[in-house]
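Subject: Structure handover

Hello,

Here is the structure I promised to pass on. Please open it beside this email and follow along.

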Amino acid sequence: MQLARIDASLIHAASAYCSKDQHRPYLQSIRLEPCTDGALVIATNGSTMIVLHDSDGLVVHPLLLPVSTEIIKAAKPNRKESKILNVESDIALGPTTHTQFSGPVIVRIQNTAFNVVCPDLTFPNWRNVIPNEVSSAEPVNFDPALVKTVSDTFAKLGAGSIHIRSNDTSAAVIESHEVDGFALLMPKRGDDINQTWQQPAYL
């Protein structure tokens, strides 16, 4: 049974946002969700988050997709052809629901197959951290390495520019007219005089 069909370039882009923290295994996978007009690809390490929309995508049940180095390499886009990532399971499931799937699956990208186990872990409610209103009235401090990660992601997805909206109390919303999705980036907080800045995690 087909569980998901996603543009592989979105998986490759989102993989840069997965956590490497062994103590937070629920953030080490990419979350795939169904939506009314396609599918959503979500990944976060706690300080940055990417949400990408695949209008042609399909997700039957939400799932956490672990992405190994081999899968990331296979999903890397090229100019010759577009790649589709398919997630398949031998388990018979009902119609599309919001009940998360967990268990062994086969991930196929072109002619390459990978055996993967989707974990039975709870992904944070990422919608709760999206700020309702943001402004750019006050200066805000961000980690330049994280800003570069987001900028590089949007550039790889075809963006010629990005737009950042933020304030000093919530995540910055980063968007582009050329990318169907957005990123969130938490500001640094701390003492500017003593340079005791810390990168807060929000998930």
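Start with Glu33 and Arg31, which form a salt bridge with their closest N and O atoms 2.9 Å apart. Keep in mind that this is a predicted model. Both Glu33 and Arg31 are buried.

Glu33 has another partner. Arg127 also forms a salt bridge with Glu33, and here the closest N and O atoms are 3.1 Å apart. Find the two ends in the viewer. Arg127 lies in the loop between E9 and helix H3 (144-156), while Glu33 is in strand E2 (residues 29-35), so the pair ties together parts that are 94 residues apart in sequence.

Is each end buried or partly exposed? Arg127 has a relative accessible area of 43%, so it counts as partly exposed. Glu33 has a relative accessible area of 7%, which is under the 20% cut-off, so it counts as buried.

Now go to Arg165 and Glu175. Their side chains meet in a salt bridge, 2.9 Å from N to O. Arg165 sits in strand E10 and Glu175 in strand E11, so the residues of this pair are ten apart and link distant parts of the chain. Arg165 is partly exposed, at 29% relative accessible area. Glu175 is partly exposed as well, at 28%. How many salt bridges does the count come to? The count is five.

Next, the cysteines. The count of disulfides comes to zero. A disulfide is a covalent bond between the sulfur atoms of two cysteines. Look at two cysteines anyway. Cys18 has 9% relative accessibility, so it counts as buried. Cys35 has 25% relative accessibility, so it counts as partly exposed.

Now the overall picture. The protein chain has three helices and 14 strands. Of its 203 residues, 46% are buried. The accessible surface comes to about 10,800 Å², and carbon and sulfur atoms hold 49% of that. Take the contacts between residues at least 6 apart in sequence: 63% of them join residues at least 24 apart.

- E1 and E5 pair in the antiparallel sense over two bridges. In E5, Val59 is the bridge partner of Ala4.
- Strand E1 (residues 2-7) and strand E7 (residues 84-88) run antiparallel, joined by five bridges. Here Ala4 stands opposite Val87 in E7.
- Strand E8 (residues 103-109) and E9 also run antiparallel, with seven bridges between them. Arg108 stands opposite Ala113 in E9.

While you are there, recall a rule about strands. In a regular strand the side chains alternate between the two faces of the sheet.

Then turn to the nonpolar cores. The largest has 41 residues, and Leu32 and Val107 have the most contacts inside it. Helix H1 (residues 8-14) supplies the largest share of this core, five residues. A second, separate core has 13 residues, including Ile42, Met49, Phe123 and Phe182.

What does Val107 touch, leaving out residues up to four places away in sequence? The list is Leu65, Ile71, Leu85, Asn86, Val87, Thr112, Ala113, Phe114 and Val116. Val87 and Ala113 have come up already: Val87 is opposite Ala4, and Ala113 is opposite Arg108.

Last stop: Ala171. Find this residue in the loop between strand E10 (163-165) and strand E11 (172-175). Ala171 has 3% relative accessibility, so it counts as buried. Compare its position with that of Met49. Met49, remember, belongs to the second core.

Over to you.

Best wishes

Notes
Residues numbered from 1 in each chain as written. Predicted model: local features only at pLDDT ≥ 70, side-chain atom pairs only at ≥ 80, totals over all residues. Heavy atoms only, no water. Core = buried A, V, L, I, M, F, W, Y, C linked by side-chain atoms within 4.5 Å. Buried < 20%, exposed > 50% of the residue type's maximum accessible area, 1.4 Å probe, protein only. Helix = DSSP H or I, 4+ residues; strand = E, 2+ residues; numbered from the N terminus. Contact = heavy atoms within 4.5 Å. Areas by Shrake-Rupley, 256 points an atom, 1.4 Å probe, with all protein chains shown as cover. Disulfide = S-S within 2.5 Å. Pairing = 2+ DSSP bridges. Salt bridge = Lys/Arg side-chain N within 4 Å of Asp/Glu carboxyl O.
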